[in-house]
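Here's a short tour of a protein model for you to follow along with. Keep the picture open and look up each residue as it comes up.

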Amino acid sequence: MTARFEGRTAVITGGGSGIGLATARRLASEGAKIVIGDVDTDSGTAAAKEVDGLFVRTDVTSESDVEALFAAAADTYGSVDVAFNNAGISPPEDDSILTTGLDAWRRVQEVNLTSVYLCCRAAIPYMQRQGRGAIVNTASFVAVMGAATSQISYTASKGGVLAMSRELGVQFAREGIRVNALCPGPVDTPLLQELFAADPERAQRRLVHIPMGRFAKPEEIAGTVAFLASDDASFITASTFLVDGGISGAYVTPL
């Protein structure tokens, strides 16, 4: 494994499981100092211990928690070089616009979109002082497609992440700060497993649309984050980076 992140600090929200944990492992293997932000103390602590990093319990909807997370990274390791703003939820009560209540709508927006706003706002001043930095925000392939089987607030929140990432990438490009939106297809994570466990038919309805015929592995998404956050992607900013197994390019899929 190369050492692309030697001497650099990466802050990862939602780092206790799924894509966040896989990314913590990947970036640590390439030399990064890892700071895990997660609302789950047990999984966050375990993840930080595994990668010899720092855990900061973080409610990503809390402005003070988010500011404390990035301050801890800078105070402990001396810099904030990478921010992977990845925390998110997809609760079952988020469904069709006709059945999704306002409380569910607001909760998803807070966790999936407002948190990314807070994390970017906290990270960018550190990166400005350094004259460089890479931000990767987790959006989704649903930000660029429509679905008749809807999760209306989730889809809208990820569209917001996509638009915000594009704007920040343009705004701060000449300060050496790159901002990209990662748009994964369905990933085999605890979040997806929980969503589909009670409804296998719902999972199959999605799976049939993936040309590769399977869900992504967290490690495959982590590899893309590592690329986007590294100097190998030094001319990539304000991009919509799809890692979706071909879903967004498919009219029909193989039988």
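## Ala226 and its neighbours

Ala226 is in contact (heavy atoms within 4.5 Å) with Arg4, Phe5, Arg26, Leu27 and Glu30, leaving aside its neighbours within four places in sequence. You'll find Ala226 in helix α8 (residues 218-229). Helices here are DSSP runs of H or I with at least four residues, strands are runs of E with at least two, and both are numbered from the N terminus.

Is Ala226 buried or exposed? Ala226 is buried, with a relative accessible area of 0%. Buried means under 20% relative accessible area, exposed means over 50%, and partly exposed is in between, using a 1.4 Å probe and protein chains only. For a sense of distance, Ala226 and Ala163 are 63 residues apart in sequence, and their C-alpha atoms are 22 Å apart in space.

## How to read this model

This is a predicted model, where local features need pLDDT of at least 70, side-chain atom pairs count only at pLDDT 80 or more, and totals for chains, interfaces and linings use all residues. Residues are numbered from 1 along each chain as its sequence is written, and side-chain values use heavy atoms, with hydrogens and water left out.

Start with helix α1 (residues 18-29), which has 12 residues. From its first C-alpha to its last, α1 reaches 17 Å, close to the 16 Å expected at 1.5 Å a residue. That expected span is 1.5 Å times one less than the number of residues. The buried residues of α1 include Gly18, Ile19, Leu21 and Leu27. After α1 comes Gly31, with a positive phi near 105 degrees.

Now try helix α3 (residues 63-77), with 15 residues. Its end C-alpha atoms are 22 Å apart, which agrees with the 21 Å it should span at 1.5 Å a residue. Val66, Leu69, Phe70, Ala72, Ala73 and Ala74 are buried in α3. What covers these buried residues includes β1, β2 (33-38), β3 (54-57), β4 and α4. Gly78 follows α3, and its phi is positive too, near 90 degrees.

## Arg8 and Asp81

Arg8 is in the segment before β1 (9-13). At 11% relative accessibility, Arg8 counts as buried. Which residues does Arg8 contact, leaving aside its neighbours within four places in sequence? They are Ala32, Lys33, Asp81, Arg132 and Asp231. Arg8 and Tyr77 are 69 residues apart along the chain, yet their C-alpha atoms are separated by 8.3 Å.

Let's follow one of those contacts, Asp81. Asp81 sits in the loop between α3 and β4 and is buried, with a relative accessible area of 6%. Its side chain reaches the backbone nitrogen of Thr9 at 2.7 Å. That pair is a polar contact: N or O atoms within 3.5 Å, where within protein one must be able to donate a hydrogen and the other to accept it, and residues adjacent in sequence count only if both atoms are side-chain atoms. Not counting residues up to four places away in sequence, Asp81 also touches others, including Gly7, Met127, Gln130 and Gly133.

## Thr100 in its loop

Thr100 is in the loop between β4 (82-85) and α4 (102-130), and it is buried, with a relative accessible area of 14%.

Most residues other than glycine have a negative phi. Asp52 has a positive phi of about 55 degrees although it is not a glycine. Asp52 lies in the loop between α2 (41-50) and β3, and it is exposed, with a relative accessible area of 62%. Ala238, in the loop between α8 and β7 (240-243), also isn't a glycine and has a positive phi of about 60 degrees.
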